[in-house]
Amino acid sequence: MDDLQRLIQTDDIQVEVTIRLGRTRQTVAQLSSLRTDDILTLDQAISDGVEICIGDRVIARGELTGDGSPEDRLCVRIIGAAEPA
């Protein structure tokens, strides 16, 4: 183990993972007129799944699922690595 590895225990470093569903572009007027039950259409199909990101970098792709618990928490199943940039 080199000196840097002894100084920094990378196994203990936490990073924030973001799940990106898709995007849309709206004007401020359109956003301010949104009401309950309105629908925003995103730029990808349901079958496209979601992007798993660290920062702005997409690291993998996934699909939404539930965990089967009584609360049925929202989860992401990894389906593959991201395409190389």
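Mentor: Start with one term. Two strands count as paired if DSSP finds at least two bridges between them. Keep in mind that this is a predicted model.

Trainee: How many bridges join β2 to strand β3?

Mentor: In general, strands of a sheet pair through backbone hydrogen bonds, either parallel or antiparallel. Here, 5 bridges link β2 with β3, residues 57-66, and the two run antiparallel.

Trainee: What do β2 and β3 form, and how many residues are between them?

Mentor: A hairpin, with 2 residues between the strands. Look at Gly 55 in the turn: its phi is positive, about 65°.

Trainee: Which strand do 4 bridges join to β2?

Mentor: Strand β1, residues 17-20, and that pairing is antiparallel too. Two positions show it. Arg 20 has Glu 51 as its bridge partner in β2. Ile 19 stands opposite Ile 52 of β2.

Trainee: In what order do the 4 strands form the sheet?

Mentor: The order is β1-β2-β3-β4, in an open sheet with antiparallel pairing.

Trainee: Why is one side of β1 and of β4 left without a neighbour in the sheet?

Mentor: β1 and β4 (74-81) stand at the edges, and each has a single partner strand, so one side of each lacks a neighbour in the sheet.

Trainee: How should I read side chains along a strand?

Mentor: In a regular strand, side chains alternate between the two faces of the sheet. Next, check the cover on β2, residues 50-54. That strand is mostly covered, with 4 of its 5 residues buried.

Trainee: Is Leu 31 buried, partly exposed or exposed?

Mentor: Use the cut-offs: buried is under 20% relative accessible area, exposed is over 50%, and partly exposed lies in between. Leu 31 counts as partly exposed because its relative accessibility is 44%. Leu 31 belongs to helix α2, residues 28-32.

Trainee: How far apart are Leu 31 and Ile 46 in sequence and in space?

Mentor: They are 15 residues apart in sequence and 23 Å apart in space, C-alpha to C-alpha.

Trainee: Which residues line the largest pocket?

Mentor: Ile 46 is one of them. Others in the lining include Leu 21, Leu 40, Leu 42, Val 50 and Glu 63. The lining divides into 7 nonpolar, 2 polar and 1 charged. The volume of this largest pocket is about 180 Å³.

Note on methods: Residues numbered from 1 in each chain as written. Predicted model: local features only at pLDDT ≥ 70, side-chain atom pairs only at ≥ 80, totals over all residues. Heavy atoms only, no water. Buried < 20%, exposed > 50% of the residue type's maximum accessible area, 1.4 Å probe, protein only. 1 Å grid on protein atoms, 1.4 Å probe; cavity = no way out; pocket = protein on both sides within 12 Å on 5 of 7 lines; lining within 4 Å. Points joined across faces, edges and corners; volume = space filled by probe spheres on them. Nonpolar A, V, L, I, M, F, W, Y, C, P; charged D, E, K, R; others polar.
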